[in-house]
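Please look through the sequence and the structure shown here, and then read the notes that follow, which are grouped by topic.

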Amino acid sequence: MKGLLTLAIVAVSLCSVAQTNVNCGSTDTKPRHYMKVTVDKIDNSNSDGVSRVSCTLVGVPHTSSRIDSVTAIVAGKRVKATDIDGVDFSRYFQWEDEGAIPVDVDIARSKKFTNNDTIKFHTVHGVYAAPLK
């Protein structure tokens, strides 16, 4: 009986661990942590030849998160971000007291964005998106 109980506890523990690690951050998962993305400004006048997207990320103060990559869907095509300022790709950061972090994301230059264009932040907690306008 004791062995059966131990086996049941191990099975439940393994299922819990497996569920938390499956597809983490993929586009098929629903975000598991609060984060809001707002696009504040898009700068095409820089000398770097990129569209610099200024965003504000809002999260839960005193918790941590990680942004693994950023992509944009522009004119139906997926464009991977080349740089991010404000946090580092694939490194954990902590939300401060106010819970807002300004970031600048560089993507391939596009002269025009439509309401169908989006920017997606691929995080350890899921994918968060906002319209590029």
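A search of the whole structure finds 4 salt bridges, a salt bridge being a side-chain nitrogen of Lys or Arg within 4 Å of a carboxyl oxygen of Asp or Glu. This is a predicted model, in which local features need pLDDT of at least 70 and side-chain atom pairs count only at pLDDT 80 or more, while totals for chains, interfaces and linings use all residues. Residues are numbered from 1 along each chain as its sequence is written, and side-chain values use heavy atoms, with hydrogens and water left out.

**Salt bridges**

- Arg52 counts as buried because its relative accessibility is 17%, where buried means under 20% relative accessible area, exposed over 50%, and partly exposed in between (1.4 Å probe, protein chains only).
- A salt bridge at 2.6 Å, N to O, joins the side chains of Arg66 and Asp68, and Asp68 is partly exposed, with a relative accessible area of 28%.
- The side chains of Asp88 and Arg91 form a salt bridge at 3.6 Å, N to O; Asp88 is partly exposed at 42% relative accessibility, whereas Arg91 is exposed at 54%.

**The open sheet**

- An open sheet is formed by 4 strands in the order E1-E2-E7-E5, with antiparallel pairing; strands (E, at least two residues) and helices (H or I, at least four) are DSSP runs, numbered from the N terminus, and two strands pair if DSSP finds at least two bridges between them.
- E1 and strand E5 (83–85) stand at the edges with a single partner strand each, so one side of each has no neighbour in the sheet.
- The twist averages 25 degrees from one strand to the next, with axes taken as lines fitted to C-alpha atoms (for helices over the stretch in contact) and angles running from 0 to 180 degrees between N-to-C directions.
- E2 and E7 pair in the antiparallel sense over 9 bridges, and Arg52 stands opposite Asp106 in E7.

**The nonpolar core**

- The largest nonpolar core has 26 residues, and those with the most contacts inside it are Val103, Val105, Ile119 and Phe121; such a core is a set of buried Ala, Val, Leu, Ile, Met, Phe, Trp, Tyr and Cys residues joined through side-chain atoms within 4.5 Å.
- At least two residues of this core come from each of strand E1 (35–43), strand E2 (50–59), strand E3 (64–74), E7, E8 and strand E9 (126–131).
- In soluble globular proteins, nonpolar side chains tend to be buried together.
- Leaving aside neighbours within four places in sequence, Val103 is in contact (heavy atoms within 4.5 Å) with several residues, including Val53, Leu57, Ile84 and Phe121.

**Residues in loops**

- Ser110 lies in the loop between strand E7 (100–108) and strand E8 (118–123), and Ser110 is buried, with a relative accessible area of 13%.
- If residues up to four places away in sequence are not counted, Ser110 touches Asn44, Ser51 and Val74.
- Ala75, in the loop between E3 and strand E4 (77–80), has a positive phi of about 55 degrees although it is not a glycine, and Ala75 counts as exposed at 66% relative accessibility.
- Ser90, in the loop between E5 and strand E6 (92–94), also is not a glycine and has a positive phi near 60 degrees, and Ser90 counts as partly exposed at 46% relative accessibility.
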